[in-house]
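Here is a short report on a predicted model. Have the sequence and the coordinates open while reading.

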Amino acid sequence: MFWDHEVETLPRPGLEKLQLERLQETVRRVAARVPFYQQRFAQLGLKPDDIQSLADVRRLPFTTTGDLRTTYPHGLLAVEPGQAVRLHTSSGTTGKPKALFFSRRDVETAADQMARSLVMTGLTPNDVFQNMMGYGLFTGGLVMHYGAERVGCLVIPAGPGTSERQLMLMQDFGTTAVHILPSYALYFAGFLEQKGLDPRRDLKLRKAYVGAEPHTEETRQRIEQALGCDVYNSYGLTEMNGPGVAFECEHKAGLHLWEDNYLMEIINPATAEPTRNGEVGELVLTSLRREAMPLLRYRTRDLTSLIPELCACGRTHRRLNRIAGRSDDMLIVRGVNIFPQQIERVLMAVPQVGRNYVIQIEGLDNLTVKAELSAGAFDGKVEHVAALEQQLTEKLRAEIWVRPKVELVPAGALPVAEGKAKRVIDKRVL
Amino acid sequence: MSMNLLAVFVENKPGQTARVTRILAENGVNICWVTIASSGHFGVMKFLVDKQEQAVASLRAEGLMVSLPEVLAVEVENKPGSLRGVAELLEQHSINLDNCSGFVANNRAILVVETQALAEARAVLEQQGFQLLSQEQMQRL
């Protein structure tokens with residue numbers, strides 16, 4: 001199903017022409033209005049008219065997270081402050097957050113691309129959409145809300161409430177689709193199980209949209225099994241409007257990035273050189289339609305790769321592979337680079353492992369992986385639990401080249417976050 | 001003639017035994033026999049209780065992980081050499097014991113035996129005339 005068939009299937013030459021027009025418009029806009037970019041352009045001796053082709057994007061300066069912090073709060077605004085209609089922030093674990101402004105048109109664009117994304121998975125106006133993401137400064141709540149509303153669904157702005165209340169809403173209003181954090185989806189499945197409820201029988205769920213936390217294919221399959229519905233991966237970042245920047249279609253084979261709204265590059269994070277087709281690198285996005293706060297070549301720090309082939313769905317917007325990790329999530333343990341997703345992939349592929357885990361590093365690079373034992377896996381025998389720990393240690397060592405200490409714990413023993421799950425606890429004093 | 005224990009998987013940290021036994025007590029469940037084994041950061045408590053179904057439901061409702069492993073409860077004579085008799089019999093059949101405990105109640109000696117080769121052990125013991133107690137018989141000791 002299509003929301004905007006014409007744009008979604010625009011032949012590549014037409015799409016690239018549209019991208020170039022919008023890129024030029026964006027560059028002219030920031031050159032005229034944003035002192036931060038004016039300075040950068042002056043340093044590079046760059047004029048807006050120098051951008052004559054899409055390849056010329058590489059002449060533009062990068063924008064980094066650090067730039068957003070140093071220009072906080074208003075430094076990157078490209079409209080008069082009075083023309084911005086909404087503020088979102090992206091949480092920083094340290095110091096000031098990043099402030100992102102939306103003009104009225106930006107709110108529209110974000111809602112529209114969100115609607116496109118949802119309809120692409122088969123969502124219809126008959127669906128009842130329960131949005132379990134945090135409303136407020138986080139974009140996952142409001143931006144998704146506007147998109148689902150635009151599709152014509154009944155939208156329940158549940159926010160991240162208690163599981164009891166989520167369940168009540170689902171049952172009373174016949175929820176068919178949810179927007180949920182992957183870590184919470186797994187927790188919620190456990191909650192249903194404990195209540196003796198089978199989602200296939202007792203709920204009307206058809207679709208779950210998961211995002212805001214990087215997660216693996218193994219986790220998706222777990223959630224699909226546990227909730228008995230289709231699960232679609234949603235990619236977005238506050239700096240680029242929030243959710244709906246790239247989304248899976250019904251084929252669940254990579255995320256279509258909306259190329260009429262974003263110009264993508266994938267680069268080697270160390271050298272800033274473009275990767276070749278198919279190689280993993282850092283995703284760099286230039287917003288093509290943002291009015292209040294356009295960003296040029298924003299370094300997302302998300303690692304992914306491009307799927308060059310066109311998708312069977314007929315959309316011409318190219319697909320990204322599932323985010324392999326965020327470059328600043330990378331852990332260095334005993335000199336080895338490790339991404340938390342590697343650990344998750346191993347854990348979630350083992351059925352005896354439950355739904356929650358944490359990675360702890362302390363002392364002199366001691367890596368401990370704590371994972372919950374799945375409900376069916378406990379047979380009352382101490383030695384079986386110990387043997388499973390041993391088996392997981394070996395599997396992890398083969399994947400990450402460091403031998404972790406594996407501790408299996410009872411379901412519910414690990415903390416559950418209200419917002420994004422905190423999977424890594426690094427207690428090293430560096 | 002099957003005999004199942006109530007096993008609870010817990011973290012090995014202060015307060016866990018109190019937590020589990022508080023739930024049992026509040027639900028009027030009497031404990032006839034208990035053993036607690038720990039291995040590093042986790043532990044497994046095993047109970048023989050009078051109201052097993054109720055115990056399972058109330059522990060699960062509190063979010064605890066519970067299972068009902070099958071064991072053999074062998075009655076032996078309360079005299080020297082009884083345990084040896086069972087052990088040697090199992091040895092002759094190369095049956096390995098995993099966890100084992102024993103007690104005497106009302107002058108009756110009971111061995112609680114866990115083994116991977118449960119069916120085989122049961123057959124061998126019954127053939128030699130040992131009495132294997134059922135859950136109900138255990139609860140009435």
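In this predicted model, A:Gly228 follows helix H10 of chain A, and its phi is positive, near 65 degrees. The helix itself covers residues 217–227 of chain A. Which residues of H10(A) are buried? They are A:Thr219, A:Arg220, A:Arg222, A:Ile223 and A:Leu227. These residues cover an arc of only 160 degrees around the axis, so they sit on the same side of H10(A). An α-helix has 3.6 residues a turn, so residues three or four places apart point the same way.

What covers the buried residues of H10(A)? The cover includes the chain A elements in this table.

| Element of chain A | Residues |
|---|---|
| Helix H8 | 182–194 |
| Helix H9 | 199–202 |
| Strand E6 | 207–211 |
| Strand E7 | 230–237 |
| Helix H11 | 340–348 |

Chain A also holds an open sheet of four strands. The order is E10-E11-E12-E15, and the pairing is antiparallel. Strand E10 (262–267) and strand E15 (325–326) of chain A stand at the edges. Each has a single partner strand, so one side of each is left without a neighbour in the sheet. Strands of a sheet pair through backbone hydrogen bonds, either parallel or antiparallel. Strand E12 of chain A, residues 298–304, pairs with E15(A) over two bridges, in the antiparallel sense. A:Asp302 stands opposite A:Arg326 of E15(A).

Now to chain B. Five helices and nine strands make up its secondary structure elements. Along the sequence, their pattern is β-β-α-β-β-α-β-β-α-β-β-α-β-α. The C-alpha atoms of chain B fill a box of roughly 45 × 35 × 25 Å along the principal axes. How does the radius of gyration of chain B agree with that of a compact globule? With 141 residues, such a globule would have a value near 14 Å; chain B has 16 Å, which agrees. Of the 141 residues of chain B, 26% count as buried. Among contacts in chain B with a separation of 6 or more, 66% join residues 24 or more positions apart.

Eight residues of domain 1 of chain B are in contact with 11 residues of domain 2 of chain B. On the domain 1 side, strand E1 (3–4) and E3 of chain B are the elements that give two or more residues.

Notes. Residues are numbered from 1 along each chain as its sequence is written. Chains are lettered from A and ligands numbered from 1 in the order in which they are written. This is a predicted model: local features need pLDDT of at least 70, side-chain atom pairs count only at pLDDT 80 or more; totals for chains, interfaces and linings use all residues. The radius of gyration is taken over C-alpha atoms; the globule rule is 2.2 Å times the number of residues to the power 0.38. A residue is buried if 20 or more other C-beta atoms lie within 10 Å of its own, exposed if 12 or fewer, and partly exposed in between; C-beta atoms are placed from the backbone. Two residues are in contact if their C-beta atoms, placed from the backbone, lie within 7 Å. Two strands pair if DSSP finds at least two bridges between them. The arc is that of the directions from the helix axis to the C-beta atoms.
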